[in-house]
Amino acid sequence: MLRWLFRGLGQGRITTGYPREGAPSDDGFSGRILVLDAIGADRDLAQVCPTGAISVDPEGRVALDRGRCILCGECVRTAPTRFAFAARHETAARSRSALVVPREGIDEEEPARATLGELAPALRRSIHVRHIDCGSDGAEEWEIQALWNPYYDIQRLGFFLTPAPRHADVLLVTGGVTAPMRTPLERTWQVMPEPKALVAVGTDACSGGLAADGELVAGGVDQVLPVDVYVPGSPPSPIAILHGLMLAVGLLTERPVAA
Amino acid sequence: MSSLAPATRRVRDGLPDHLGATRESGPDPEVRLRVTPLAFERAAHLLRTAGARFITLFLADTPEPSLVGAFALRGALVMLRAPTAGADPVTYGSLSQNWPATCWAEQELVERFGVRPVGFSATRALTRPDADLIERHVHGADAFTIPYGPVRSGVFEAIQFQIETGGETVTSLQTRLFFKHRGLERRFVGMTPDRAVHVAERVAGIASVAYASAFSQAVERALDVTPTPNAERWRAVYAELERMAGHLDVIAKEAETTALYVGLARFQILKEQVTRLKARLTGSRFARGVIVPGGVRFEGRMGLDDLCRALDALEHDLVRDRRLFVQTASMTDRLIGAGFLSRDLVEEYAAVGPLARGSGVSTDARHERPYGDYRRLGLQVVTHREGDAMARINVRFGELFESLRILRQAIDHLRRNDHDLASPLPPAASGAAFGWSEAPQGELVVWAEVRDGLVHRVHLASPSLRNWALFDHAFPADVLTDFAFIEHSFGLTPAGADR
């Protein structure tokens, strides 16, 4: 055991300074697609996206719904002057509509639910998190687990994983809700004490993603339960999930999403 | 395609007469045989007697509606096809009554596609799980049933285990899958192959590269396209990095289960480093968006020297962490003897991957039917004979070092390389073929049919589904507290099994 101790000490400190410091930007991770040019597009451009995240209105204005985007890059390859990958982790938003870019003007602030957000000061340094899988591809689970590894170590921010939904403050939901998982999801949410927050992790949870027609009870978790924070991505990086968790407990205010 | 090994050629030449089947043309090393539905059961059992390993059973639509069985035999992939033209329901003699390996594949055909094998029976539904249904098989004063899942403690995928116990010893165990069936095989249909690969990457996220390359390979073989050697090398690089991340994840979870927290942290650090290498090479932490039928979309975005240095550092740490792990008695005591699987049982259930190799069965798709760059790379198949959880972990440790060796070879080849990315697919072409790869969980086989340039049908034979059938038998004398150790030593993913 002593040898393990020395082995552990020998590593030195590797934990990210996020959120005190910015997210690492040199790790090559492409977390979102930017719309560089939204004007004067052809209607057919929408066909490029396999999940229907891109829409073009009659005036030729492009909109990208990040809640549907699986980061496959088909649009970047087809129209490199309009779309580009960006090496930014934070993608989370408090409302579904805030995931659609570019946004026109300033969104009216969505009425923040009178839940954890307001009570966050009392709960700070002790947020208990529970996870439920409702049909993910398994990658989101790896990224959530990674939050507790020494690189991210979210216990330093006061987040703890709890096995019991009755002790949980935040529910992380992955997957677009398959039929057999609907009842377990509803029950898990029901037994969680107020105040509580629900975070949809991954594009599948935000919109249903790539599942076939008719296999999901609904396209996305918000068709079953109220979602407080959406974290799109296929899968979102650990930093993106951490950003979403902090939005959920009101530790951060939503940063404007770059167009 | 490469020339066949002598043993494989004998299979190809001798099998049709032996089974009373007609041989059809197919890309090597596929051996395609046609029989009548009436003769299907007999031919399949003759294959079994000849030593074939069952892979999967499904309905194909090319060249005509057919029932297809796939088997691995001495380097050949034997496709046994029985035309079912117009038959509704499709009928044949059931395979599963005395062949455990075929049970779940046949039951899926019955439940999801309405096939009616004569003599088939099942005790419970496979593809329509009910979390509230508790079945008791063990009765007695202290016997009780624990329905564990689909909402589990910790961050795990949805699956349910019904564990029956008298208090300590696990008397009976039932694995329930398909809580997260997403119908992904149907999702492929109608897409062009270069777009459909995005679906393949999202079947099982932790094996994205394995699924993307097996699907791409199936399309390439179906349309007679040879991917560029450069692309094959990059695919091998991503596949080995993915294998390393998967194996490190399994080892970290075993350390967590023993509350060996420094060990947990060490293996998590290594896993994160491998994951970041994938991100630096491809922009995706799961190496998505790079593999495409015909080749790759771009070359790795990291210098080969940097990559080599990163691998050297990883190996340096891995040597020390592995030594500490296997010398920690509190760790190995929980693994040695836990979840024993005999070689006979593993062969009876046709298990694959590190699970089979931990019971002395030397099966590895990279070695049995070398594909892509593995035809040029030297590969040592790591096996252990003990059959317990420790053996399965030791196989993974061995494969971590083997992966590092393969990676260095592939990088060496990449240095004196052309930079061709992809061979173009012929437009509006048609064809059908198998593709395969060795995922971290085991051999993955994909059947893909392409018609007029669009994907027409896909069948995925996932290693997770095939290996999970063995889990119910992995508790010969084990107690409840061994459960997590044994589960992690299997290292499977419900997303891949449920599709």
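Predicted model: local features only at pLDDT ≥ 70, side-chain atom pairs only at ≥ 80, totals over all residues.

Me: Which strands does helix H4 of chain A lie across?
Reply: Helix H4 (residues 139-146) of chain A lies across S6, S8 and strand S9 (197-201). Its angle to S8(A) is about 145°.

Me: Why are S7 and S10 of chain A said to stand at the edges?
Reply: The order of the five strands in this open sheet is S7-S6-S8-S9-S10. Strand S7 (159-161) and strand S10 (229-231) each have a single partner strand, so one side of each is left without a neighbour in the sheet. From one strand to the next, the twist averages 30°.

Me: How do you know that S6 and S8 of chain A pair?
Reply: Pairing needs at least two bridges. S6 (residues 127-133) and S8 (residues 170-174) of chain A have five bridges, in the parallel sense, so they count as paired. Within this pair, Val129(A) stands opposite Val170(A) in S8(A).

Me: Why is helix H7 of chain B called largely enclosed?
Reply: A residue is buried when its relative accessible area is under 20%. Of the 29 residues of H7(B), 26 are buried, so the rest of the structure largely encloses this helix. H7(B) covers residues 229-257 and reaches 42 Å from its first C-alpha to its last, close to the 42 Å expected. Ala259(B), which follows H7(B), has a positive phi, near 60°.

Me: What makes the meeting of Arg288(B) and Asp137(A) a salt bridge?
Reply: The limit is 4 Å between a side-chain nitrogen of Lys or Arg and a carboxyl oxygen of Asp or Glu. Here the N to O distance is 2.9 Å, so the pair qualifies. The count between chain B and chain A is seven salt bridges.

Me: What is the area buried between chain B and chain A?
Reply: About 5200 Å² is buried, and carbon and sulfur atoms give 56% of that. The contact takes 63 residues from chain B and 56 residues from chain A.

Terms used. Residues numbered from 1 in each chain as written. Chains lettered and ligands numbered in written order. Heavy atoms only, no water. Helix = DSSP H or I, 4+ residues; strand = E, 2+ residues; numbered from the N terminus. Axes fitted to C-alpha atoms, helices over the stretch in contact; angles between N-to-C directions. Contact = heavy atoms within 4.5 Å. Expected span 1.5 Å × (residues − 1). Buried < 20%, exposed > 50% of the residue type's maximum accessible area, 1.4 Å probe, protein only. Buried area = accessible area lost by both parts, 1.4 Å probe.
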